Amino acid sequence: PTQDPVHQISIIQRGMAAGYTMYLPTEEKGHTSKNQMLEQICSLLGGRAAEQLTQNDVCTGASNDIERATDLARKMVTMFGMGDEFGVMGLATVQSQYLDGGMGLNCAQETAAVIDREVKSILERCHQEAIKLLEDNREKLDEIAGYLLKKETITGGEMMAILEGKDPALAESYSADAGDRRRALEGDV
């Protein structure tokens, strides 16, 4: 619920990407909460979870998502004070902020090993949550995947229409209606 809405999903291979899911923010965000980060990690691991659930196998397609999820979990533990083991202790700093933005650990090797275990624990919990969400919604997963296979690229509105049990071919009118309803609620109409 805290994540930006899906704008577009594609299974057309472009460069190294075998496909993508594009999100567009609806509002400017200054700070990100721990729950938002955990949901983002869960979302990033959704592709791998779907592979495991539907194909009983995995492929290299989720590699960038896994890298991003790992980076976010590591920052939660080392920079943002959101880990269970170390609490608010800062264990890393940004190195070369204006160049590559890499992270440098400020801790002993033993502490780094504990950091790795905590990062792994966060990733495993989020991965299991992604699997559970997809298992609980397997019928919708299959319906969206089938529609995506036919069209190759779909909008977030089409995906939401399927999730809501509506005809995805009419998705643009659904999203326009939703926008009109949102503006009306906000007093803009």
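A nonpolar core is a set of buried Ala, Val, Leu, Ile, Met, Phe, Trp, Tyr and Cys residues joined through side-chain atoms within 4.5 Å. The model described here is predicted, and its protein chain holds 7 helices and 5 strands.

**Overall fold**

- Along the sequence, the elements of the protein chain follow the pattern β-β-α-α-α-β-β-α-α-β-α-α.
- Of the 189 residues in the protein chain, 28% are buried, and the accessible surface comes to about 12300 Å², with 52% of that area belonging to carbon and sulfur atoms.
- Among contacts between residues at least 6 apart in sequence, 51% join residues that are at least 24 apart.

**Nonpolar cores**

- The largest nonpolar core has 24 residues, and I41 and L123 are those with the most contacts inside it.
- Two or more residues of this core come from each of α1, α2 (46-55), α3 (63-78) and α4, and α4 gives the largest share, 8 residues.
- Leaving aside residues up to four places away in sequence, I41 touches A69, L72, A73, M76, I122, L123 and C126.
- Another core, of 8 residues, lies apart from the largest one and includes V6, I9, Y147 and L148.

**The pair α1 and α4**

- Helix α1 (residues 34-44) packs against helix α4 (residues 109-136) at an angle of about 65 degrees, with the axes 8 Å apart, and the crossing is right-handed.
- In this contact, L38, I41 and C42 of α1 meet I122, L123, C126, E129, A130 and L133 of α4, which by class gives 8 nonpolar, no polar and 1 charged residues.

Conventions:
Residues are numbered from 1 along each chain as its sequence is written. This is a predicted model: local features need pLDDT of at least 70, side-chain atom pairs count only at pLDDT 80 or more; totals for chains, interfaces and linings use all residues. Side-chain values use heavy atoms; hydrogens and water are left out. Axes are lines fitted to C-alpha atoms, for helices over the stretch in contact, and angles run from 0 to 180 degrees between N-to-C directions. Helices (H or I, at least four residues) and strands (E, at least two) are DSSP runs, numbered from the N terminus. A crossing is left-handed if the near helix is turned anticlockwise from the far one by less than a right angle, and right-handed if clockwise. Contact means heavy atoms within 4.5 Å. Ala, Val, Leu, Ile, Met, Phe, Trp, Tyr, Cys and Pro count as nonpolar, Asp, Glu, Lys and Arg as charged, and the others, Gly among them, as polar. Buried means under 20% relative accessible area, exposed over 50%, partly exposed in between (1.4 Å probe, protein chains only). Accessible areas come from the Shrake-Rupley method with a 1.4 Å probe; for residues, only the protein chains shown count as cover.
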